[in-house]
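Please study the sequence and the structure before reading each solution.

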Amino acid sequence: MTASRTYDAIVIGGGHNGLVNGAYLAKSGLRTLILERRHLVGGAAITEELMPGFHFTTFSYAVSLLRPDIIHELDLVKHGYFPLLMPHSFAPADDGGHITLSKDRNLTIQEISRHSRRDADAYDQYGHDMAQIVQALKPLFDSVPPNLFSGQAEDALALADLAKHLKGLPQRVLHNIVRLLTGSAADFLDDYFEGELLKGLLSSSGIIGTKVGPRSQGSGVVLLFHNMGEQDGVFGNWGFHKGGNGGLTQVLARAAQAYGAEIKLEAAVSQVLTTNGRTTGVVLADGTELHAPVVVSALDPRRTFLELVEPRELPEDLVENIQRYKFQGTSSKVNFALDGLPEFPGLDGTQFRGFTNIAPSMDYLERAFDEAKYGWYSSKPYLDCCIQSTIDPDMAPAGKHVMSCFTHYTPYKLKGGDWDTERDNLGDTVQRRLEELFPGFSKLVLRREVVTPLDIERTVGLSEGNIFAGELMSPQLYFFRPAPGWNQYRTPIHGYYQCGSGTHPGGCVTGGPGRLASQQIVSDLARSGPAAGAAAGG
Amino acid sequence: MIRTTPFHERLAPLNRTGLWQHWSGHLAAVKYQMDDKFEYFAVRNAAGIIDTSPLYKYRITGHDAEAFLAGVLTRDIRACRDGQAQYTLWCDDSGHIVEDGVVFRFSNDHFLLTSAEPNLAWFSDRIGRQRVLIEDVSAQYGSLALQGPRSRGILAGLDDSVGGLGFFHHGPAKIGGAAVNVSRTGYTGDLGYEVWVEADDANAVFDAIVDASAGQGVIPVGMSALLMLRIEAGLVLIDVDFHSSRFAYTDEERTTPIELGFGWMLKDVATTDRAFIGRDAIRRELADGTSRWRMVGLKVDWQDWDRRYRAEGIIPPKDEHPIVWEMMLYDDDMERVGYTTSFMYSPALQRHIAMARVRPHLARPGSRVHLEVTINHRYQTVACEVARPPLFNPARKTASATPAIASAITSAGASA
Ligand SMILES: Cc1cc2nc3c(=O)[nH]c(=O)nc-3n(C[C@H](O)[C@H](O)[C@H](O)COP(=O)(O)OP(=O)(O)OC[C@H]3O[C@@H](n4cnc5c(N)ncnc54)[C@H](O)[C@@H]3O)c2cc1C
């Protein structure tokens, strides 16, 4: 019915970034259409009722990085934004040992001291150092990065500002930033801590979603990234949105609609229309053409540059950079419906509400990584579990529970196997691991859902199942996300923009790409109409 | 020896912090777990159990009970029907507030009045020749509040008559085998109820409610979280947001109902034939426009808040624990135009908020004022917007039926 209707802007993909982008564009007065391939919005941030009363966070399962500006600028509270606190991070070990970090600092100090007395104040020091780092990087995280290669005056100014900002940082903070951007999570954490259990727990943040072990160079930046978020002003804190991340994306959809954006479901875009280097709209899979002078891709860079448009129309170096941009998804999800709370010997279930981190040491993580290096999934995987119904009772019927288990390492490309065959075996591997730590676990299982990297790619469209739409490694961040010279949301095609997690600041439920891209679009339109990227060198 | 409430036997073992405070001569838990923010969230997202027994409770009976209350209470009790309750005030002759409380009407000769402070002498001294009996029944009854979105389902499961109670209605019910009175009232600004029980029935009632709540995220909630919730709800607290005129030394310390935001109770004050204490002074205040203040809500400009702290190299504090001493407010010309009485970071609203008094010309929602804070030991101001309280006001608070739980987290698409 909308075939003849024209829009000011069309956003491709109703993931959280597409929704954020569309909401801002609509708020700025543009007639905006958001096109989503699936029957629901949210992309990798959805909640599905797979069994009556049991709500599964199919993919992403916790929030922290959602940019605070978005909460207020899009008036999300009015639309139901409601982040809940995670009570604990609990890390069990196979010998019956365990450590629990709580929201209460004194309890945490006591608990850490049980394992190592020196780690107690080291933990405070680590928290303080991290907070300073985050504070220093936040302005960079929340603004359009300068283009190193454009040669334009405004980029030169932005670079000068950046240099000034960095020069103004205390030496220790700047040095820590460099250590994290280039080094390993293990090297960084070893300087503070001696307790294996604590280091296993903290270094897990350095491997999430990425094909690295805690001792690999590069895990430092992943660790940093997972500390960049905040909840109620506490940096690095992870919470749970009411109703899961699907609850959050429903809030974003309501906000977008309240600003006037139109959302069309089951509308897959097959092609972005271009004439003379300008975009004119999109073609849907059913052949419908929709027109707009601005088209924004909220998909990952491979789809944005190599699938939706004709790569031959793009500069060769850009195509080459996107071709060698690393996805190599390595994460899966195993979600359970449970008949009751699992029990850890000697503890009752109220003591590990919140996250349960299965990585009793950095060695454990490295061994789990080893198998992935050689093309198979870990026989004893890293698991980041959360019994979400203990935080939000609306997730499951009274007395019953849902448990989300983020599972790592499960490489997208299996050597000598495929995920359609291995799906259930992976589920068994995870369940066996949980049974080892929580005897009787399997008896509680009412239903199990296994989501492999292949399923992530098929269902959400994230290439190779990479949860961040491309790895969060220094060569793919800031100046270089998704490619050198193309880090300002523009593309070589006039009016064609990008706003997915493959753009700055990157993956996770941040909304940052959607927001910053909208700023770029709106300021381009105010100046001279839909723009193309400045000629990128290199 | 400090007294304990009828629910103490059950609640004491649940307090894992060892922290207690004194509330009207009773032990009251500050919090039950180390981090009281979870108690706050329980009320906003599931339900919390709050022991409110230390409130003073006065039974007012007798042939002239209604007439008596119509003459001493600021709000017209005659508009309250049997089975309803009213939030109300009482003032002195000069039109200043003595105190506030909730009055429950059972019939025209039977009421129960609650208050935070003792008031037996004040009311008794005003009976005169009316046929009224006022008894302090504070120790006879316990009250247990169940507050939060799950409260209705849980209590209606125990006695379905509760499910039909309207906002500020009350009625008899049977819980845990005991005859109780349940009111749809509370101090949290959420959907919630208070269960009024004979002290001897406290354990049975408590056990029944706890059993019915199992697996639903319901936990006991202490004073600390309660005092966060009430600020979001815009509910005033004596000795914090106002002071009793009875014990004030200067008129500066005193407040009128209009100034405290209760003009809505007095819509007909100019014409009413009801003679009540303070009426004439209130009429004069309205006629002459002499109100000095208006109670308003404040929403702090969060970006300005963050900017000011960050510029000083400090991580912007976002602490849900209330600040209940005055913080000054200025207008654009930096004239002092008011002060906050209660201030906090609201996790539900994701910003700092306050209950405040401003000069009447700034009371309109949207007016801008500047809040004084100290950052790095220097005074700075942060922009705020005046808003109409309550700042947190979910539809469920007054709605007659709980919206289906699933609708909040539906996985269905936003539009087709
Ligand atoms: C298993 C898993 C667990 C994760 N856990 C967390 C977590 O706990 N916390 C966190 O912060 N982050 C987590 N992440 C990362 C985070 O979820 C993602 O980085 C983020 O949701 C990506 O959002 P996006 O909007 O950029 O892209 P997507 O969510 O990928 O959205 C893209 C959308 O485009 C649609 N689409 C695709 N092709 C087309 C087309 N041709 N036409 C129209 N529409 C199309 C898709 O259906 C999808 O809805 C996780 C990711 C995964 C996969």
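Domain bounds come from an automatic or database domain assignment. The model is predicted, so local features need pLDDT of at least 70 and side-chain atom pairs count only at pLDDT 80 or more, while totals for chains, interfaces and linings use all residues. Residues are numbered from 1 along each chain as its sequence is written, chains are lettered from A in the order in which they are written, and side-chain values use heavy atoms, with hydrogens and water left out.

**Exercise 1.** State into which domains chain B is divided, and describe the contact of domain 1 of chain B with domain 2 of chain B.

Solution. Chain B consists of domain 1 (8-53 + 139-221), domain 2 (63-131 + 256-289) and domain 3 (294-387). The contact (heavy atoms within 4.5 Å) involves eight residues of domain 1 of chain B and 11 residues of domain 2 of chain B. Between them these two domains bury about 780 Å², 67% of it on carbon and sulfur atoms; buried area is the accessible area (1.4 Å probe) that two parts lose on being put together, summed over both. On the side of domain 1 of chain B, Phe168(B), His170(B) and Trp196(B) lose the most area to domain 2 of chain B, together 66% of what that side buries. Zero salt bridges are counted between the two domains, a salt bridge being a side-chain nitrogen of Lys or Arg within 4 Å of a carboxyl oxygen of Asp or Glu.

**Exercise 2.** How many residues does each chain give to the contact of chain B and chain A, and how many salt bridges are counted?

Solution. Chain B gives 36 residues and chain A gives 43 residues. About 3,400 Å² is buried between the chains, 58% of it from carbon and sulfur atoms. Two salt bridges are counted. Asp232(A) forms a salt bridge with Lys37(B), the closest N and O atoms being 2.6 Å apart.
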